[in-house]
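Hi everyone, thanks for coming. Let me put the model up on the screen, and then I'll walk you through a few parts of it.

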Amino acid sequence: MISNGKSKTVIELHVNGDSHEVMVRSGDTLLDILREQLGLSGAKRSCENGDCGACTVLADGKPIHSCLSLAIESCDQSLMTIEGLMGSPIQQAFVDNWAIQCGFCTPGFILNCHALATEHPNASDEVIEEWMCSNLCRCTGYQEIKEAVQSVVRASGNA
Amino acid sequence: MTTNQGWKSVGNPEQRIDAVEKAAGTVKYIGDFAMPGLLHAKLVTSTHAHAKILSIHTEEAWKVPGVRAIVTGEMFPFHIGPILADRPPLAWEKVRYYGEPVAIVVADHEYQAKQAVQKVQVEYQPLPVVNSVQQAFETGAPLVHENSSQYMKIISNVYPVPGTNIGSHIKIRKGDFQTAWLSCEEIFEATYSFNLTDHVAMETRSTRVEITPSGKVVVHSCTQSPFTIKKVFNQFFNIAVGNIVVHAPLVGGAFGGKGTVQLEPLAYLASKAVGGKLVKLENSREEDMITSPCHIGLKATISLGATKEGKLVAGKYTFLVDSGAYTDQAAGITRAAALDCTGPYNIPNVWCDSYCMYTNHPFATSFRGYGHPELTFAVERTMDQLARKLNLDPIRFRLLNTIKPGDTSPTQTLLDANNIGDAAKCIERAKELIQWDQGQRRETGERKVRSKGISLFWKTSTTATNAQAGTVLTFEADGSVNLNCAAIEVGQGAKTVLAQILAEKLKMDLKDIHVTMELNSQYDPHQWRTVASSTTFLAGRAVLAAAEDAIRQLKKTAGIAMQCSPEDLDVGGGRVYLKANPEYGVQIKDIALGYKYPNGHTVEGQIIGSGKYVQRHLTPMDENTGFGKPGPWWSVGAQAVEVEWDPKDYTYKILKAITVLDGGTIINPMMATQQMRGGMSLGLSFASSEGFIFDQQGIVRNPQLRTYKIMRFGEQPEEYLVDFIETPNIDGPYGARGIGEYGVIGAAAALGNSLSTAAGVELNHLPLIPELIWQAKQGKEEEL
């Protein structure tokens, strides 16, 4: 870490398998740094209050609200954004199950679902609900998202 | 090579053309652009619902590093608005709602602008607050606008009443209500209400504006109405329409909330204050809920009169629309609610007074359904209660009165199968799907009551009388086609539907059609707006016209190549071929850029098809009677909800939500199903848990998603059932009507009806949270 002693610090973030040096204020959220300095805009700004899950990224495999995390706290973690998840079965499941409309909440849901499938390969509907209720979608009726999640959890459970 | 005679896209559940990129997270929404040098604006907003602005002190704010400009209302002390110009973009002299923009701070970084916003000191002198439509309507109420008669009318159908809080009064007078009312053998009257709510699109509104040295104004916005931005900037900032360029990317949910022009003028003023530099203005969630326009509140009183057999004779409707501090689109909603006030029922004698009421609440704009989910809640609750009084089954009562060809609408439009479709068939099908005949209310356990509610609904597309769309098709050297059209993709699937219509017409593989997803108002032909369930209809017709133009050119060029008459040719499967001998033809790719003779001479050049469509024979409404033709067709439908209610703690679970829609020909059944489910979800969320909570001073107590509850994963109905009746509309592309808004319209009413039956008490006020059901049961329910 290099600090100018006043307002900015250079830190290293480990995102999607790559390391990046970024210059942050102590108050910068992880969300803002990912979006504005690394161009990883898949994590969305929506409520910035931890209520909607649109900013979800994975830190050491666990879903977190990047709007409530400071960038400076995240340097020792292995981060994953939606851009690091190209061509996964979960993404395909969201396409196949009509779980996408405007697409704004989609990256958050998909990353949350990815972590769920990894942590709980045989998740029951109750566990799915417990995980997924952290994310809001305003376009779909959630049914399609539920079917997409179930299809992936079931598939990975059988694997 | 086949002739592709059996080729089809319309009616197929084709995968959305935007789904893969959205799943990958690579779609760039408005807020996803970051660039060095971009300036950031933040708003200072009102801390009072109604107050005089005594002074604004900016000295401390200027001390924050990075601040480049601070703009206050004096910079532009004029009123703007889409229907009635009554709103200063930045409050000046007084504030009329909590959250109203008072000043803009522009800084190098967003955090600097936020810091400076905190340091702008505004001194207010509080004024009496108009905190409900009822209060607003009373004689002697404090006035939200003292000079409403001086406001400029932007469209003709708006009638403010000077000296009152009435921003517009719309009347329907059909038949002879007074005489007919006296002849009724059974009558019923009730009052319904709900507070203002919000769209809560997951993407908050955001815009970037710059003014170039040559005087061009470049606007980037997540808008449903790019050409309205041009219109508004022209009308109020006096910029030539041609000098305004609007860019719109894919939009992260809109639901009507991005149909009006609110943030863009503020960003323009901000850019102007910094010499035209590019300025970004993005709402926080809180600002998106209360500073930018929200969804109307309503107080409705409905009186219905019928014969003792249950035939409706007369209906009286009084709507007090809570438009908040400014009329915006609420003035249009007031009109739309009036012109469809009866719901899809044949009522020969109609008296409707629909008032757009100013209050000191956040102002409202269009919301999916444009007045119809709201009026339908009141109408359908009344239908259920009158059915009970008549001792008739609610479905039987509805079928006795369902609108049909030969009847007239409240605005006296004569209905036929072509424009009205088949409402009765919808209700019959919904009745089967909800298994109505197995009983409307059953006690299934000690703490379990299952009950069903039904709702009919209708809506016409109340567009401008000159609403239109255009399309340009350019053919690529590989024979594929670019489809350019100003329809905005807000998640509804418009771009996919238009591609399917084009594929069907050109008998071409969908994969060979490339739709421009983003809009540039300089490249794309004019389109009215992407609102009012009008895109498939207007833009779909424009695509068909453009395809016909392209086909004519393809046949001409192919006729030269094949040395025959264009009349002898047909287009399909990527080829132009002889009708008489389909084996003989040319590939489109070989003539897409013209036909080249063996000696190199080339004729005709690129195939560029263009087409347009404009509404036909629509008229404004007569001021005194409402007489007029508001829309080209209605879509009608029925919805049903089954709940499981706990009589001990009044909680409930939604088991089934059903929509049967006569949407004409359904272009893509899976996307249409998506729209119906999403609409039901939005409507059920609104009805079951949403509403702004105002304190005595008109302050919104819940302007954030922690306290303003929308439906979450797990709270959705256990089962959605969707079916379509497809009565074609002759004017629609392949017979399609509009469908985008319809899933939401009857949801609140069906929920209200099922819960009223479950709880054995009439629930006439939203949201239907367990506590309010309990209060109603105790006889303590208060109107909002």
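Okay, let's start with one pair: the side chains of B:Glu282 and A:Arg45 form a salt bridge, at 3.3 Å from N to O. By salt bridge I mean a side-chain nitrogen of Lys or Arg within 4 Å of a carboxyl oxygen of Asp or Glu. Across the interface of chain A and chain B, the rule finds seven salt bridges.

Quick housekeeping: this is a predicted model, where local features need pLDDT of at least 70 and side-chain atom pairs count only at pLDDT 80 or more, while totals for chains, interfaces and linings use all residues. Residues are numbered from 1 along each chain as its sequence is written, chains are lettered from A and ligands numbered from 1 in the order in which they are written, and side-chain values use heavy atoms, with hydrogens and water left out.

Back to the interface. Chain A brings 47 residues to the contact and chain B brings 58 residues, with contact meaning heavy atoms within 4.5 Å. About 4,400 Å² is buried between chain A and chain B, and carbon and sulfur atoms give 54% of that. Buried area here is the accessible area (1.4 Å probe) that two parts lose on being put together, summed over both. A:Trp98, A:Gln101 and A:Arg138 supply 22% of the area that chain A buries against chain B, more than any other three residues.

Now, chain B by itself. Its domains are domain 1 (19-27 + 467-614), domain 2 (37-127 + 203-252 + 258-291) and domain 3 (294-463 + 619-777), with bounds from an automatic or database domain assignment. The C-alpha centres of domain 1 of chain B and domain 2 of chain B are 40 Å apart. Those two domains bury about 1,500 Å² between them, 60% of it from carbon and sulfur atoms.

You'll find B:Thr665 in the loop between β33 (652-662) and α17 (669-689) of chain B; helices (H or I, at least four residues) and strands (E, at least two) are DSSP runs, numbered from the N terminus. B:Thr665 counts as buried because its relative accessibility is 17%, and buried means under 20% relative accessible area, exposed over 50%, partly exposed in between (1.4 Å probe, protein chains only). Its side chain reaches the backbone oxygen of B:Tyr734 at 2.6 Å.

Note on methods:
Polar contact = N/O pair within 3.5 Å; in protein donor to acceptor, adjacent residues only side chain to side chain.
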